[in-house]
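Thanks for coming. Please have the sequence and the structure open.

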Amino acid sequence: MTQRRPNIVYIMSDDHGYQAIGSYGSRINETPNLDRIANEGIRLNNCFCTNSICAPSRAVILSGKYSHHNGVKTLADKFDGRQMTFPKLLQASGYQTALIGKWHLGHGGEHDPTGFDYWNVVPGQGRYYDPEFIEMGEQRTIEGYVTTVTTDQSLTWLEERDKDKPFLLMCHFKAPHGPWQPDEKHAQLYEDLEIPEPVTFYDDYRNRGSAAGAALMRIDRDLPRNVPKYAAPEGLTATEAKKWLYQHFIKDYLRCVASIDENVGRLLDYLDAEGLTEDTIVVYTSDQGFYLGDHGWYDKRFMYEESLRMPFIMRYPREITAGSDTDAFALNVDFAPTFLDYAGLDIPSDMQGCSIRQVVQGVVPDHWQTSVYYRYWMHMDKIHAVTSHYGVRTEKHKLIYYYGEALGCKGTNDIPTPKEWELFDLENDPHELNNVYDLPEYADVVERLKAELNRLREQVKDYE
């Protein structure tokens, strides 16, 4: 008897940094249900995004193509649903497909979700309380907390599906994206605790290019400007105010994560109860990483590790050894080819990623990728002021070039910024505090990495 093609439950949150997941060694919270996926499957230690911002990452995941090929470089771009995506291919091959939760790739015309038998998504960023949903084009408000409502809708679809067909469920949580509003159950969680500060919390941005110091993402200065509820009491010193802001921000953030973890548990329990666990791939990830006070920041965008690195845990009992992990590189552009591989489908030639199926089985193919190409296009947006840049990361080094131009991209500001390079020795400087680009002893490394950067740009056809 031929083995049934696996079901796929793809769970993605928004802005969930790996630093806040137990299986990644969190110092600040516990996530027992997420850890269950890792403990019963595999944890990827080096999964990276190719453009660390919400909409572009989602477009990369759907299309299997880099931002400059799928058309979504910035938050102002909308996804053209006429292009091929992995849900379309799964649907055409007999899978039932559903997308529930955050979409954030535009609405109306060619921008609503395509390739899904059922979709029910929040408009834009969505609301935490009594969220609006657009269900197959019809908008309605659903009472409750958005993470729980998204899970409720997902479980309803799972229960009502055709149980003779394999399925793809993409369950996309809005949380823990700002403005970090927890549900009532978790509103007092961590109230009596002091959450540890990250080791780079007091970063002063010396020994780097100018971009880090110019960014408007600082917890002590920019967070209360953008989220008014985080306004430190009067009479505190600058250091005391920074500490106060961090504690209030991180506790709300972690409370939102706690709700995610609880609702992921509900999905896992459903699979167990229905006898689906052995035949279902479960993935949990985030659309990118996030700064949780690291470098004194919140948000993402930079190519530094905390936003470049995505959490990615995966369970499939038929093929993946429980409690395993891998240091092999994976990218969000690899997700689409991976799911097509598991479904026994050909991977279209214009998809730019590679299936990680062998990798998660513990067999890293010969000539597997050992470098990562990254590009952030949203030059000097008004809120965060991060300059455009691209770069390459290898096992031991990271080279970043800030090219300082908007290049006509939507959602950017045509404000010139310095063209500059940064090089980090990740073995000796894992927190990326010292730019060694101009040091003579790194001249050979610079030459080698520039050659690799040029090779990758040619490989992904990024000529602009």
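Two strands count as paired here if DSSP finds at least two bridges between them. Keep in mind throughout that this is a predicted model.

With that cut-off, take strand S3, residues 47-48, and S10: they pair in the antiparallel sense over two bridges. One of the residues involved is Cys-47, whose bridge partner in S10 is Met-310. The pair belongs to an open sheet of three strands, in the order S10-S3-S13, and the pairing in that sheet is mixed. Strand S10 (309-310) and strand S13 (330-331) are the edges; each has a single partner strand, so one side of each has no neighbour in the sheet.

Which residues of H12 are buried? They are Val-445, Val-446, Leu-449, Glu-452, Leu-453, Leu-456 and Arg-457. Looking down the axis of H12, these buried residues fall within an arc of 140 degrees, so they line one face of the helix. On the face turned away from that buried side, H12 carries the exposed residues Asp-444, Glu-447 and Asn-454. After H12 comes Lys-461, with a positive phi near 60 degrees.

That brings me to backbone geometry. Most residues other than glycine have a negative phi, and most peptide bonds are trans. Here are some exceptions.

Asp-130 has a positive phi, near 45 degrees. Asp-130 sits in the loop between strand S5 (118-122) and strand S6 (132-135), and with a relative accessible area of 36% Asp-130 is partly exposed. His-295 also is not a glycine and has a positive phi, of about 60 degrees. His-295 is in the loop between strand S9 (280-286) and helix H9 (305-308). Is His-295 buried or exposed? His-295 is buried, at a relative accessible area of 0%.

The bond joining Ala-175 and Pro-176 is cis, with omega about -5 degrees. Pro-179 is in the loop between S8 and H6 as well, and a cis bond joins Gly-178 to Pro-179, with omega about 10 degrees.

Now the interior. In soluble globular proteins, nonpolar side chains tend to be buried together. In this model the largest nonpolar core has 147 residues, and those with the most contacts inside it are Trp-180, Phe-249, Tyr-253 and Phe-302. Helix H8, residues 238-273, supplies the largest share of this core, 14 residues. What does Phe-249 touch, not counting residues up to four places away in sequence? Its contacts are Trp-180, Ile-219, Leu-223, Tyr-230, Phe-290, Tyr-291, Leu-292, Gly-293 and Tyr-298.

Last, the charged pairs. Side chains of opposite charge can pair when their charged atoms come close. How many salt bridges does the structure hold? It holds 40. I will show a few.

Lys-185 and Glu-262 form a salt bridge, with the closest N and O atoms 2.4 Å apart. Lys-185 lies in the loop between S8 and H6 and Glu-262 in helix H8, so the pair ties together parts that are 77 residues apart in sequence. Lys-185 is exposed, with a relative accessible area of 61%, while Glu-262 is partly exposed, at 29%.

Another salt bridge joins the side chains of Glu-159 and Lys-163, at 3.3 Å from N to O. Glu-159 is partly exposed at 40% relative accessible area, and Lys-163 is partly exposed at 39%.

Arg-206 and Asp-204 meet through their side chains too, at 2.7 Å from N to O. Arg-206 counts as exposed at 58% relative accessibility; Asp-204 is partly exposed at 44%.

Finally, a network of salt bridges links Asp-15, Asp-299, Lys-300, Arg-301 and Asp-381. I will stop there and take questions.

Definitions and conventions
Residues numbered from 1 in each chain as written. Predicted model: local features only at pLDDT ≥ 70, side-chain atom pairs only at ≥ 80, totals over all residues. Heavy atoms only, no water. Buried < 20%, exposed > 50% of the residue type's maximum accessible area, 1.4 Å probe, protein only. Helix = DSSP H or I, 4+ residues; strand = E, 2+ residues; numbered from the N terminus. Arc of directions from axis to C-beta. Core = buried A, V, L, I, M, F, W, Y, C linked by side-chain atoms within 4.5 Å. Contact = heavy atoms within 4.5 Å. Salt bridge = Lys/Arg side-chain N within 4 Å of Asp/Glu carboxyl O.
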